[in-house]
Amino acid sequence: MTMSNTGGRRRPPTIHDVAREAGVSRGTVSRVLNGGHYVSPAAQEAVDAAIRRTGYVVNRHARSLITGRSDSVGFLLTEPQERFFEDPNFNVLLSGCTQALAAHDIPLLLMLAGTKDERRRITRYITAGHVDGVLLVSSHSGDPVAEELRGAGVPLVQCGKPMGLRSKVSYVAADDRDGARDMVRHLLSLGRRRIGVVNGPLDTPGGVDRLAGYQEVLTEAGLPVDERLVVTGDYSRASGEAGTERLLARAPDLDALFVASDLMAQGALTALRRAGRRVPEDVSVGGFDDSTAATEAVPALTTVRQPYDRISAEMVRLLLAQIAGEEPAAVILPTELVLRDST
């Protein structure tokens, strides 16, 4: 197909060009571009082939003026920016959500809001209609973002179970409690009895449920839940190192550690090495996530795998359903114990 030139430049193909190339009406092309409803398989195939041949690209700005939608989605991380670059889980989730949305030709906008001012600016941007919905990651209890967005009618799906929200919010989560139970049972099966835990923050669902799983299994085994064996970190490597140092000072006879994230477990290994404690000979160490931090650790970490590919796909599925008018929903996915060299 030959496009007319203006000022020596090749005119970009239009929906009319696609219709002419495919031998169908402009309305048929429009229906294909808006989901393929009431379009025969033959017409769909003809339009798809014409789009490839002409190089047609959807004018999202023009479409948004007609539909009142932005045709984009926000990935909102309410954590300090440095956490995004340190914690590999966030990048895995971002990549998975980007790929899942790409199948629907929807771009994903990364939004980092680690301070009160950043959260206020981004909330204002979102509620102004610049995105059609939000994938919210790492929201602590008391964080007003989720409540404000829901109150403004913004479609929203949270990663992890919401805490302290008055309105119903869609979420996708791994079964944190069951994953923790599997890890502690494994440590007990090795003959370990003085099992410490470096837990996550108690204003996060993972922090609450992983600690509960740890406590439940010790109680089932007839072992006391010794508060001297429990410290809290913030999922960073530094907090895992500092927490392990505190545990060693309080209970030098500990023989196992359950660390509630692989990144914190890397810090725990550093502290144990500095204290002259061998892993796993003296102390067995288990993490949580099955991130790259687990495979890069020395020794490689036994951990609890969160199915991040499924979490990402389900978050996108629930969000697109909400954008289409469906009610909020929740999905909880099973975890898996992954055995490596640290236990």
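A crossing of two helices counts as left-handed if the near helix is turned anticlockwise from the far one by less than a right angle, and as right-handed if clockwise. Helices (H or I, at least four residues) and strands (E, at least two) are DSSP runs, numbered from the N terminus. What you have loaded is a predicted model, where local features need pLDDT of at least 70 and side-chain atom pairs count only at pLDDT 80 or more, while totals for chains, interfaces and linings use all residues. Residues are numbered from 1 along each chain as its sequence is written, and side-chain values use heavy atoms, with hydrogens and water left out.

**Stop one: two helices**

Select α1 (residues 15-22) and α3 (residues 41-54): their axes come within 8 Å and cross at roughly 120 degrees. Axes here are lines fitted to C-alpha atoms, for helices over the stretch in contact, and angles run from 0 to 180 degrees between N-to-C directions. That angle makes α1 oblique to α3 (under 35 degrees is roughly parallel, over 145 roughly antiparallel, 65 to 115 roughly perpendicular, the rest oblique). The crossing of α1 and α3 is right-handed.

Now show side chains: on α1, Asp17, Val18, Glu21 and Ala22 make the contact, and on α3 the residues include Ala46, Ile51 and Arg53. Contact means heavy atoms within 4.5 Å.

**Stop two: the sheet**

Next, pick out the open sheet of six strands, in the order β4-β3-β5-β6-β7-β13 with parallel pairing. Two strands pair if DSSP finds at least two bridges between them. Which strands stand at the edges? They are β4 (108-112) and β13 (330-333), each with a single partner strand, so one side of each is left without a neighbour in the sheet.

**Stop three: inside β6**

Zoom in on β6 (residues 156-159), which three bridges join to the parallel β7 (residues 170-174). Val157 has Ser170 as its bridge partner in β7. With β5, β6 pairs in the parallel sense over four bridges, and Val137 stands opposite Cys159 in β6.
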